[in-house]
Amino acid sequence: MSEPVIRLTGLTRSFEQGGETIEVLRGVDLALAPGEIVALLGPSGSGKSTLLQAVGLLEGGFGGKIEIAGANASGLNADDRTTVRREAIGFVYQFHHLLPDFSALENVVLPQLLLGKSRDEAEAHAAELLGALGLSERLTHRPSQLSGGEQQRVAVARALANKPVLVLADEPTGNLDEATADKVLGEFLNLVRSQGSATLVATHNERLAAKMDRVVRLHEGVLS
Ligand code: ADP
Ligand code: MG
């Protein structure tokens, strides 16, 4: 087997709350092969977002080991975490988190400019991605001028813009009605499949989880 894109070994995380320690992650082990799409299933409060924040190198404070593309990422300082995040990881959140003052196109262009692409190249790629998501007629719209499903499609395009080896999605369709959620998730999965990004999708929805290659369940701080 080729080297996993991520490997978590004995990942732990606890929070201090009102003098008590809540152990949210109690030793999570997980490996994702290149291109593998895995559903992270668990009820609200089970620690899905906490786990994605760890894998996404969004904060420190975790015990255990995180390896990304074979490199140990657990001991990195904040600057180095930012570099790995920019180059290797794409995020989709439940709420789109698009920049409100920029057009759909510009929201997808910006992460590419951060990695040094030319504006022409970045715009062409952004238009291509947004076109694949059915948004060719919406390139100049701002987020507030888009429907919820369209906003999430732009967020998907932004996450995939730099062809990251790893995509992390935290309830990416949790804010959409069922029919729209199905459509957007299907388009998202098609795109990550065609691009070959390993993908971890947190959801509490069994039906959506069944569309992925594999399901892991977070229960009492460990995966089964
Ligand atoms: P999920 O995404 O599965 O709904 P979360 O990862 O958001 O679950 O939260 C898991 C548990 O960790 C919850 O009990 C939550 O209250 C707690 N938690 C998350 N973040 C913090 C924090 N910054 N401080 C204290 N407790 C937290
Ligand atoms: Mg969550």
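Let me start with how helix packing is described here: axes are lines fitted to C-alpha atoms, for helices over the stretch in contact, and angles run from 0 to 180 degrees between N-to-C directions. Helices (H or I, at least four residues) and strands (E, at least two) are DSSP runs numbered from the N terminus.

A quick word on the source, everyone. This is a predicted model, in which local features need pLDDT of at least 70 and side-chain atom pairs count only at pLDDT 80 or more, while totals for chains, interfaces and linings use all residues. Residues are numbered from 1 along each chain as its sequence is written, chains are lettered from A and ligands numbered from 1 in the order in which they are written, and side-chain values use heavy atoms, with hydrogens and water left out.

Now, helix α3, residues 104-114, and helix α5, residues 148-160, pack at about 20°, their axes 8 Å apart. That makes the two roughly parallel, a label for angles under 35 degrees, with over 145 being roughly antiparallel, 65 to 115 roughly perpendicular and the rest oblique. On the α3 side, A104, N107, V108 and P111 meet V154, A157 and R158 of α5; contact means heavy atoms within 4.5 Å.

What angle does α3 make with α4? Here α3 and α4, residues 119-132, pack at about 130°, again with axes 8 Å apart. So α3 is oblique to α4. The contact residues divide into 10 nonpolar, 2 polar and 4 charged, where Ala, Val, Leu, Ile, Met, Phe, Trp, Tyr, Cys and Pro count as nonpolar, Asp, Glu, Lys and Arg as charged, and the others, Gly among them, as polar.

Which residues have the most contacts inside the largest nonpolar core? They are V108, L130, V154 and F188, in a core of 34 residues. By core I mean buried Ala, Val, Leu, Ile, Met, Phe, Trp, Tyr and Cys residues joined through side-chain atoms within 4.5 Å, and buried means under 20% relative accessible area, with exposed over 50% and partly exposed in between (1.4 Å probe, protein chains only). Helix α5 gives the most to this core, 6 residues. Setting aside neighbours within four places in sequence, F188 touches V92, V156, V167, A169, T199 and V201. There is also a second, separate core of 31 residues, including V5, L40, F91 and V216.

Last stop, α1, residues 48-55: 6 of its 8 residues are buried, so this helix is largely enclosed by the rest of the structure. After α1 comes L57, with a positive phi near 55°. Thanks, folks!
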